[in-house]
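Please open the structure in your viewer and keep the selection tool handy. We will take a short walk through it, one stop at a time.

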Amino acid sequence: MKTTIERIFETLSKEKVELKSKKIELSNIQMLNDIIKEGNKIYNRGEKFVQNRESLTKEARRLNSDASSLLSGAQKLINDFEKKAKELGVNPNNMQEYKKAIDVLGVLDTIDAQSKGYTKIRN
């Protein structure tokens, strides 16, 4: 007759414990946790990007509106100035204010075009 200890050892020797598979499962769980952690970081960055993008879109629309308004008014004023200067026999290109106003028109035109482009991309 076998003692209790002998029966326990006999039973244990028949049951094979797969330590390798347990190690792999733990490793897979750690890898999944790493994916979750990195995914959350990317998600948080994405949330900040969306918030910034929405703010930028609103600002682009305001810039577009302001630049368009000023551009059309300024263009009319400059055309009128050129006409009057020519009537007086004055070359407007010799005036600093005229040159600066033309430069500002160029900048406004660029801002207008870029802000329109940005808002089109967003829509």
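## First stop: a lysine and its partner

Select lysine 41, which is partly exposed at 43% relative accessibility.

## Stepping back

Colour the whole chain by secondary structure. This is a predicted model, and it has three helices and zero strands, in the order α-α-α. Of the chain's 123 residues, 12% are buried.

## Two more bridges

By the rule used here, there are three salt bridges. For the next, select arginine 62 and glutamate 59, whose side chains meet at 2.6 Å, N to O. They are three residues apart in helix α2, so again the separation is about one helical turn. Arginine 62 is partly exposed at 48%, and glutamate 59 is partly exposed at 35%.

Then pick lysine 84 and aspartate 80, a salt bridge with its closest N and O atoms 3.4 Å apart. These two are four residues apart in helix α2, which means a separation of about one helical turn.

## Last stop: the core

Which residues form the largest nonpolar core? Select Ala67, Leu71, Ala74, Ile78, Tyr98, Leu105 and Leu108 to see all seven. The elements giving two or more residues to this core are α2 (19-87) and α3 (96-122), and α2 gives the most, with four.

Technical notes. Residues are numbered from 1 along each chain as its sequence is written. This is a predicted model: local features need pLDDT of at least 70, side-chain atom pairs count only at pLDDT 80 or more; totals for chains, interfaces and linings use all residues. Side-chain values use heavy atoms; hydrogens and water are left out. Buried means under 20% relative accessible area, exposed over 50%, partly exposed in between (1.4 Å probe, protein chains only). A nonpolar core is a set of buried Ala, Val, Leu, Ile, Met, Phe, Trp, Tyr and Cys residues joined through side-chain atoms within 4.5 Å. A salt bridge is a side-chain nitrogen of Lys or Arg within 4 Å of a carboxyl oxygen of Asp or Glu.
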